[in-house]
Amino acid sequence: MNTLLNTTAIAAAFMLSVSAGAAPQADLPARLSGHVRAIASAEHNTGTPAELEKAALYIEATLAAQGYKVRRDEYVFDGHKVRNLEVSIANVQPGKQPERIYIVGAHYDSAPGTPGANDNGSGTAGVLEMARMFKGTVPAPGNELKFVLFVNEEPPYFNGPGMGSRRHAKALKARGMKVEAALILETIGYYSNAKDSQYYPPGISAFYPNQGNFIAVVGTLGSMGLVRRTVSGLRDASTFPAEGLAAPAFVRGVTWSDHTSYNLEGYAAVMITDTATMRYPHYHTSADTPDKLDYASMAEVVKGMSVVVQKMIQ
């Protein structure tokens with residue numbers, strides 16, 4: 001009972017604080033839609049460098065307008081100069097390293113041949129809005145919260161050394177940083193109440209709904225604790241349906257995003273997703289356009305995740 005009361009109090013206090021900002025929470029669906037349309041109305045990756053640069057500049061300008069100093073992590077891979085983008089809030093003594101790091105991230109590039117509105121304009125928009133909500137928040141002493149937008153998640157870089165998240169995770173490990181949790185927003189914009197609108201890897205379907213109207217928290221067995229913690233937090237914070245899956249890495253889809261980069265360095269990490277290809281009919285096609293997304297449901301996911309993160313960093 002005390003845990004429930006504490007969770008409710010934290011959620012209520014945080015939602016009140018973000019509602020008191022410059023933009024009311026009622027505007028969140030429209031704000032998310034605006035970000036997706038700005039970032040993901042055209043294909044944007046190293047095959048279309050001008051559009052990739054346009055997306056990166058929009059992200060930088062949005063974060064700067066929120067009051068952040070944006071850190072560019074530029075690198076060259078396969079002849080292409082690209083960059084991750086990062087902002088953070090911290091409560092760390094000058095000259096000291098953070099004792100605990102929490103990451104909220106998403107990739108901002110699209111797959112070849114698609115504008116990538118859901119994959120992953122939706123996740124990018126979610127990170128931008130969460131950054132806005134947390135501006136001015138003071139974490140507990142020793143804690144740092146990073147908001148990171150990654151480049152090069154999609155093919156031909158997926159699961160290889162050119163991924164932006166692989167570079168980010170390796171750099172943290174090399175510096176001996178303690179990452180408590182990496183929460184990756186990956187394809188969070190499509191929901192359906194239709195029967196049999198949700199599919200699963202073999203052997204999984206008996207345990208989950210057949211309607212694609214929920215947000216999923218997915219991780220490997222090594223991140224089972226974080227999966228449970230995140231799902232529990234979402235269910236406490238919101239009535240929006242949330243499901244969790246912690247499974248071996250060989251299960252289809254479990255490693256299909258930037259969270260795997262952190263797992264490879266020994267960090268707990270999960271993917272927050274609408275399950276992408278197992279639900280979304282326009283996955284990795286030219287029809288993955290901004291008009292296909294459910295921004296009201298996206299807003300519920302973003303608000304719920306904001307409460308989850310607030311609980312973690314305090």
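Q: In which helix is Asn120 found?
A: Asn120 is found in helix H4. A helix here is a DSSP run of H or I with at least four residues, a strand is a run of E with at least two, and both are numbered from the N terminus. The model is a predicted one, in which local features need pLDDT of at least 70, side-chain atom pairs count only at pLDDT 80 or more, and totals for chains, interfaces and linings use all residues. Residues are numbered from 1 along each chain as its sequence is written, and side-chain values use heavy atoms, with hydrogens and water left out.

Q: What kind of peptide bond joins Asp119 and Asn120?
A: A cis peptide bond joins them, with omega at about 10°. Pro155 and Pro156 are also joined by a cis peptide bond, with omega at about 10°. Pro156 is in the loop between S4 and helix H5 (164–174). Most peptide bonds are trans, and most residues other than glycine have a negative phi. Asn159, in the loop between S4 and H5, has a positive phi of about 65° although it is not a glycine.

Q: Why are strand S1 and strand S7 said to stand at the edges?
A: The open sheet has 8 strands in the order S1-S2-S4-S3-S5-S8-S6-S7, with mixed pairing. Strand S1 (71–77) and strand S7 (242–247) each have a single partner strand, so one side of each has no neighbour in the sheet. From one strand to the next, the twist averages 20°; such angles run from 0 to 180 degrees between N-to-C directions, with axes fitted as lines to C-alpha atoms, for helices over the stretch in contact.

Q: How do you know that S6 and S8 pair?
A: Two strands pair if DSSP finds at least two bridges between them. Strand S6 (residues 215–220) and strand S8 (residues 269–273) have 3 bridges, in the antiparallel sense, so they qualify as a pair. Within this pairing, Ala216 stands opposite Thr273 in S8. S5 and S8 also qualify, with 4 bridges in the parallel sense, and Leu185 has Ile272 of S8 as its bridge partner.

Q: What makes S8 largely enclosed by the rest of the structure?
A: A residue is buried under 20% relative accessible area, exposed over 50% and partly exposed in between, for a 1.4 Å probe and protein chains only. In S8, 5 of the 5 residues are buried, and the strand is therefore largely enclosed. Both of its faces are covered, with Ala269, Met271 and Thr273 buried on one side and Val270 and Ile272 on the other.

Q: Why does Thr220 count as buried?
A: Thr220, in strand S6, has a relative accessibility of 14% and therefore counts as buried. Glu60, in helix H3, counts as buried because its value is 11%. Ala276, in the loop between S8 and H8, is buried with a relative accessible area of 11%; its phi is positive, at about 55°, although it is not a glycine.

Q: How do you know that Glu60 is in contact with Arg72?
A: Contact means heavy atoms within 4.5 Å. Leaving aside neighbours within four places in sequence, Glu60 is in contact with Val70, Arg72, Arg83 and Leu85.

Q: Why are H3 and H4 called roughly parallel to each other?
A: Angles under 35 degrees count as roughly parallel, over 145 as roughly antiparallel, 65 to 115 as roughly perpendicular and the rest as oblique. Helix H3 (residues 49–65) and H4 pack at about 15°, with their axes 10 Å apart, and they are therefore roughly parallel. The contact involves Tyr58, Ile59, Thr62 and Leu63 of H3 and Thr124, Leu128 and Ala131 of H4.

Q: Which residues have the most contacts inside the largest nonpolar core?
A: They are Met130, Phe134, Leu145, Phe147, Ile215 and Ile272, in a core of 60 residues. Helix H8 (residues 295–313) gives the most to this core, with 10 residues. Apart from it lies another core, of 13 residues, including Ile103 and Val148. A nonpolar core is a set of buried Ala, Val, Leu, Ile, Met, Phe, Trp, Tyr and Cys residues joined through side-chain atoms within 4.5 Å.
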